[in-house]
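Here are my notes to go with the model. Have it open while you read, and click along as you go.

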Amino acid sequence: MAVYEVFSHPELRRYKTSICSKASLMMLFILALTFIPPLFVVYRSYGFWRKTDYYREYPDIHFKRELLLVLELEGEGNYVTYGTFQKYNQLQNAHLRVPLITSRETDTNRDGKPDSLIFNLEMPLLDSENVLGVKLILIFDYKLHQFSSLTMESIGYANYDAIKPGGKFEILGDLRVNQKEPIGYRGVDNRYNTSVIDSTSVYAESYDFINIFKSYTSRNLTTYLNAPYMVWSTGRGASQPFVISATINYVEEQFLYTPGFWYLIKWGWVQYVSVLLIFLFFFDRVKVFIYQNQLVPTMVEKPWREEKMK
Amino acid sequence: MNVILRIAIVAYLFNATAGQEVPVPSFPETVITNPAFQEVAPCPCDLTAGNCDIGCCCDMSCTNDEKQTFTCIPGLEGGQKAPVKTSHCESNDYNKADWFPILCVHFESNALLGFFYQWQQTPKYLIQAFIAKLSTLFFYSYSETEERSLFDAAPDGFPGYMYGVSVKTISPSTGSNKFGILALPQKTLTGQCLNTAPVRYLTNITSSCSFQMTNALCSPESIFSARFFIQPSSNSTPSSFNVAGFDTTAAETSVSYYKLVNSASYIKSQQSFNQVVVPGQEYRFASETLPNSTCMDYCGNDKCIDYNAIPDPDIIPPTHNSSTLMPPTLDSGRCLNAVIDVNYTITWQGRTIQRLDAVVIYGDININDTVTNRYQVQYVHNYTGATNGTADNFYNVSESYKRSGRTGYQFGEPVFSGSPVYNNSAVPSYFMYVNTNLSRQMTVFTTGADGLCLNAMKKRLLFGEDISTSCSLYLNANSLTLANCNTLRKVIINKLNLMMPSEVLGRRGYNDPKNLNYWVDVFREDLTYYCIGSDLYPTFMSPVDNLTGICYNMTNGIHLDIMYAETGRSNNNSIYEILGGRISYSKATWKINCSPVNSQCGKNYAQPFQISTTVRFIKVPGNTPAPSAIYFDKPEEDDPNLCPGDRCWDNLFYPWTEKHLGDTINYTLPFFLICVLFLISYLMVTRPWW
């Protein structure tokens with residue numbers, strides 16, 4: 001008649017000893033070897049604490065309908081300018097020329113956030129006024145929601161100088177972010193929600209581009225207009241305005257942020273435990289070998305009675 | 001000594017039918033010797049035969065004296081040393097492996113190992129493999145493979161035109177018709193003019209090109225000659241050509257020639273800004289007549305305006321004299337009969353051009369003047385009565401009409417606006433229709449180069465486009481006295497309201513003027529309080545403030561907010577409807593600035609003041625949004641589209657939500673459960689664990 005294994009279960013063997021004994025010392029030593037080296041392994045293999053991390057977010061950008069425009073005209077000291085700031089316009093007085101500005105923000109993917117800005121500016125100029133350069137600051141409202149609830153006022157700056165008088169200036173580009181330090185993982189961040197251009201000022205230095213950019217670039221989070229393909233078209237006809245046209249895409253960005261405490265612990269734990277499991281398995285076999293072979297003396301308590309063996 | 005390797009260049013002719021190659025050796029082959037046994041290049045740094053190469057110590061051409069003048073190039077026989085591999089135990093690389101120097105590699109360079117390349121066969125014997133190898137590679141060349149022809153046809157291959165195809169011409173001169181392409185100067189590259197750019201079917205063109213008139217340009221073959229453009233069908237000179245209507249049949253072409261009495265508007269003027277806007281001079285509105293007192297409200301608005309009596313704005317007839325085709329002629333420093341404006345109106349139907357009506361305008365241009373030529377092509381559909389889809393022919397017109405979008409508005413199309421007209425003679429008065437004349441439409445200022453309100457014109461609104469424009473008033477201190485301020489305020493409010501007089505906005509892309517349901521009201525800020533509320537004017541109270549050169553609470557801008565919403569979708573296109581409008585005014589204190597430049601501020605020196613018109617489009621939800629039930633620290637936590645920190649409850653089972661792949665939970669949940677069911681039954685059968 002064939003014999004087969006009808007059922008099986010493991011037995012538990014207990015090794016007992018006093019506190020001050022070789023076996024206890026050995027156990028303490030093995031425990032230390034099991035639990036402490038994995039920590040060193042994961043820590044010394046770089047990147048144990050994830051102090052900073054990246055995430056991607058589609059920022060909520062809106063053109064604030066604020067701008068500062070300077071058109072450099074032919075002839076020393078000739079320029080016309082326009083700003084959406086009453087005090088600036090009043091300050092400029094004779095150089096002020098009011099353009100016709102139209103703008104539209106599209107949302108093609110219907111996620112509720114604008115995807116691009118279509119901007120058009122027509123500056124009426126006399127035929128004798130030749131435009132040789134454009135400096136344009138567009139002001140945007142930049143919002144993040146994912147981690148830090150960040151709101152800031154940011155700018156896109158387009159600058160072009162030509163040797164031939166222009167009729168149209170076309171800007172095609174993206175509004176990109178420039179980040180110097182990580183943002184927080186929670187909370188409301190309004191540090192940079194301040195005016196880039198102090199429109200309440202009536203002093204010339206407030207509208208000096210050097211001062212504007214100096215304070216702007218000192219920020220840790222700024223935006224810039226990434227438009228390597230600007231087109232300067234010549235041939236402005238009789239009684240035609242100078243046209244600036246821009247298509248600026250708002251793109252999804254990767255942001256550096258400082259994770260919170262539980263995020264740190266979570267990823268530390270994941271790394272530590274995965275190495276610990278190997279050590280646990282290995283030293284479990286070591287312990288079995290040591291105590292089974294009585295390399296250190298212990299009292300063995302077997303789960304079955306001795307007399308059965310007789 | 002220098003080793004010169006000569007490799008046989010073998011040209012192969014391929015027999016196209018048999019596919020066999022016939023080798024034609026140009027000169028005898030040099031067999032490359034086996035490098036395993038013979039050194040091919042004993043001195044790699046020896047680059048020139050018979051000359052001593054500097055730094056090359058193995059160059060046999062160098063004398064011992066020469067060798068003393070330079071240091072030898074290091075490496076094998078003067079060659080450049082191969083870089084040490086990063087896996088090499090002697091590597092000094094910055095980017096070595098983490099386990100370095102464990103498992104680093106020791107290299108043994110020993111000639112006795114005999115690792116040499118095998119002798120390769122010449123390509124002659126491997127031609128099939130060589131060709132097979134060639135076919136897997138991409139080669140790029142400078143040769144232009146495209147056909148050098150601008151002639152294109154309808155992409156579907158059928159006769160006649162399709163959208164975007166160039167318009168063809170037929171020359172009736174000789175027996176066989178000569179075909180060409182209808183061309184007009186258009187801008188390309190960075191504003192340069194291409195004189196013979198093709199005109200495309202159903203593509204309107206408005207272009208302008210600037211030229212400096214020279215003696216050479218004033219010739220019958222130049223761009224200024226009428227022969228450059230289309231000529232009437234009746235004209236059968238050898239150089240003339242007609243528009244091809246359908247395939248090879250010509251369409252009727254009529255050309256009207258006009259001559260400008262004064263072509264100043266086409267010539268770049270040399271006026272400076274100070275000549276156009278004289279510093280210190282006052283510039284106000286063109287007409288400042290207010291409505292008579294019985295009809296005027298406190299703010300200068302006309303209460304008893306009669307919508308039916310307001311005529312359409314006058315269209316100024318062009319001041320030309322009719323003429324015939326004349327080539328430009330040079331006459332004592334002037335180019336007579338230079339073509340400066342060409343306008344083609346093409347009537348089309350289906351795939352056919354039915355006729356072309358051209359207007360060619362001559363002008364007399366001085367040599368060396370910079371002239372701006374204007375070119376225009378317009379397509380007009382030959383409407384042949386009502387067909388399907390004209391249920392919205394509200395005006396009962398028999399020609400084609402333009403909608404701003406079917407059902408909803410399209411972005412960039414004109415916004416409908418107007419004022420409802422009531423029959424007040426009947427009791428009770430009843431609604432008749434909405435007056436949509438230009439004088440009753442919402443508009444903004446558009447100014448010329450002078451920026452003056454004096455010469456400002458109107459510009460219609462386009463859906464979705466925020467606009468900001470201004471015009472300037474030049475006022476001196478005498479105009480800014482207390483009494484004048486009140487009049488000026490009324491005049492400005494009157495003018496601003498004339499720019500935005502509409503009381504209703506059209507909701508959809510095309511609106512029935514006889515049905516008020518198609519129109520939404522515009523709410524207008526009531527200025528009466530500011531116009532009569534004397535307590536707002538400190539000047540009335542205190543004689544100290546009753547100064548010359550300052551006006552308080554001047555209305556300096558009108559601002560229209562248009563609320564629109566996505567009210568539905570059709571064929572996955574959004575339907576945008578205008579849901580409401582609001583007009584508000586901005587106020588400012590106008591004050592003459594005294595500075596050394598215009599120290600005459602107490603006198604008659606005028607300074608500019610801007611009055612602005614702005615339009616803003618605001619997208620609102622199509623339905624009333626659900627109110628926020630819970631107070632959140634951050635408002636976006638209530639927004640289901642945003643998921644702050646990526647830990648909102650909606651995304652807990654993210655792979656099964658609609659946000660992951662766009663599948664609804666109704667689809668993903670049963671699919672997931674069926675997968676679980678299959679897994680369980682598989683495990684039940686196989687029982688891998690027991």
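How far apart do the end C-alpha atoms of residues 261–283 of chain A lie, and what share of the span is helix or strand?

1. Those end C-alpha atoms lie 32 Å apart, and the span is 100% helix and 0% strand. Helices here (H or I, at least four residues) and strands (E, at least two) are DSSP runs, numbered from the N terminus. Before you go on: this is a predicted model, where local features need pLDDT of at least 70, side-chain atom pairs count only at pLDDT 80 or more, and totals for chains, interfaces and linings use all residues. Residues are numbered from 1 along each chain as its sequence is written, chains are lettered from A and ligands numbered from 1 in the order written, and side-chain values use heavy atoms, leaving out hydrogens and water.

2. UniProt, in an unreviewed entry, puts the feature "transmembrane region" at residues 23–43 and 261–283 of chain A. Its positions are given in the numbering used here, feature names are shortened, and annotations may be inferred rather than shown by experiment. Residues 23–43 of chain A are also 100% helix and 0% strand, with end C-alpha atoms 30 Å apart.

3. Just after α1(A), A:Tyr46 has a positive phi of about 70 degrees.

4. Which residues of α1(A) are buried? They are A:Ala23, A:Ile30, A:Thr34, A:Pro38 and A:Val42. Buried means under 20% relative accessible area, exposed over 50%, and partly exposed in between (1.4 Å probe, protein chains only). Helix α4 (261–292) of chain A is included in what covers them. An α-helix has 3.6 residues a turn, so residues three or four places apart point the same way.

5. Chain A as a whole has five helices and 14 strands, and buried residues make up 44% of its 310 residues. Take A:Thr151, in strand β8 (residues 149–179) of chain A: its relative accessible area is 16%, so A:Thr151 is buried. Leaving aside neighbours within four places in sequence, its contacts (heavy atoms within 4.5 Å) include A:Asp141, A:Tyr142 and A:Asn190.

6. Rings of Phe, Tyr and Trp (its six-membered ring) pair if their centres lie within 6.5 Å; planes under 30 degrees apart are stacked, over 60 edge-to-face, and the rest tilted. A:Tyr160 and A:Phe169 have ring centres 5.4 Å apart and planes at 45 degrees, so this pair is tilted. A:Tyr160 is partly exposed at 28%, whereas A:Phe169 is buried at 0%.

7. Finally, look at chain B. The largest nonpolar core has 52 residues, and B:Ile578 is one of those with the most contacts inside it. Such a core is a set of buried Ala, Val, Leu, Ile, Met, Phe, Trp, Tyr and Cys residues joined through side-chain atoms within 4.5 Å. Helix α4 (residues 482–499) of chain B gives the most to this core, with seven residues.
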